[in-house]
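Dear colleague,

Here is the structure I promised to pass on. Please look through it first, and then read the notes below.

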Amino acid sequence: AVFIMVLQQLLSQCPHSRTTQMMPLLLLLLLLDSATAAFESPESGESALPPRSGTSCQLLSREVLTGNSTTPAVHRLRLSLPPTARFPRCCDDSSPGMIHVRVKAPDAAGQPLRFNPYSAHLNPDQRSFDLVVKVYPGGPPAHPGVSGYLGELAVGDRVHVPEIRALDWRHESPRAGLVCFGVGVTECVGPAEALLENGGEVRMVTANRNAEDVVLLEELRELLVKYPTRFRVRHCISQTTAAETNLAMVENESMTQGRVDYRVLMEEFGGKWRDGGAAEHFLMVGTAAMEQAVIGMIARARLYDFSKIRGHPLFLLIKGPHGDNSKWVALSPSESDESVEL
């Protein structure tokens, strides 16, 4: 379904005379859709088990990042790590990888397995981790409602976090373009900071409906100030007027009206970068449809030679099947699991 959406987008943007020329690209997108869909972390089985002390995390604090009445609120939750929690092994032990956890809500009628994965920012020194959650209204029996469950918890309540995984990624990339939709920016800030610390150049495009929906502005601006020559951010706001986007920006930060499209990617990621090279890797974080749409934009903007694609594309920042990824493992694994102390 996602591939069909990207196919329709590309065909709608191309004159009929160019359709034949586009066919190799469309076939490559079909290959890409199959390759990325096939990459899934193996299950540990822990999510099907009842909570235990090693998977029970206390809610330490809650910060409401957005309160826009027209879109679901976004909360930042800080949860404790059990004393027995461990990192899964990843990335040939060269970095902790991109961390995700599964949160499981109590079973409900019609929804016996209510769990959802979230990108997690670990605070090892404080034995805690942060989740940024868009809290959608509603819940069982219509849908699992994990975010709604998290949105109603009181500080001090305990949350069942059965599993954790780590994905390998190209943390030495010299030039990376990041496209972050909504709360997807939470999965982009950590890699951006690591790449900048390693001497790389990072350009980020965020996409939101309204200017007040942009989250983690403080963290982004700290990086902009710290790395003024190697980091820049453009916020694309789709439902705000041009006048409303005229907000105070720091150096190398901009806000424009309109959706993310291939022209935006050409403007932000095209041409020579600071060291004279071209954009080398890309990270896109959003729904599956959004991420596949960005693949189509990269193709149309000619930011990568798609004739070189063989399976999982090497231009993606996440290594996928080419990387040393962990499986989903219990947050507090048994002695037989491979893990390292947090």
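**What was found**

The protein chain exposes about 16,100 Å², and carbon and sulfur atoms supply 53% of that area (accessible areas come from the Shrake-Rupley method with a 1.4 Å probe, and for residues only the protein chains shown count as cover). Please keep in mind that this is a predicted model, in which local features need pLDDT of at least 70 and side-chain atom pairs count only at pLDDT 80 or more, while totals for chains, interfaces and linings use all residues. Residues are numbered from 1 along each chain as its sequence is written, and side-chain values use heavy atoms, with hydrogens and water left out.

The secondary structure of the chain comes to seven helices and 14 strands (DSSP runs, H or I of at least four residues for helices and E of at least two for strands, numbered from the N terminus). Of the 342 residues in the chain, 50% are buried, where buried means under 20% relative accessible area, exposed over 50%, and partly exposed in between, with a 1.4 Å probe and protein chains only.

Thr-206 lies in strand S9, residues 201-208, and counts as buried because its relative accessibility is 2%. Leaving aside neighbours within four places in sequence, Thr-206 is in contact (heavy atoms within 4.5 Å) with Cys-180, Val-185, Val-233, Arg-234, His-235 and Cys-236. The C-alpha atoms of Thr-206 and Val-179 are separated by 5.9 Å, although these residues are 27 apart along the chain.

Glu-222, by contrast, belongs to helix H5 and is partly exposed, with a relative accessible area of 48%.
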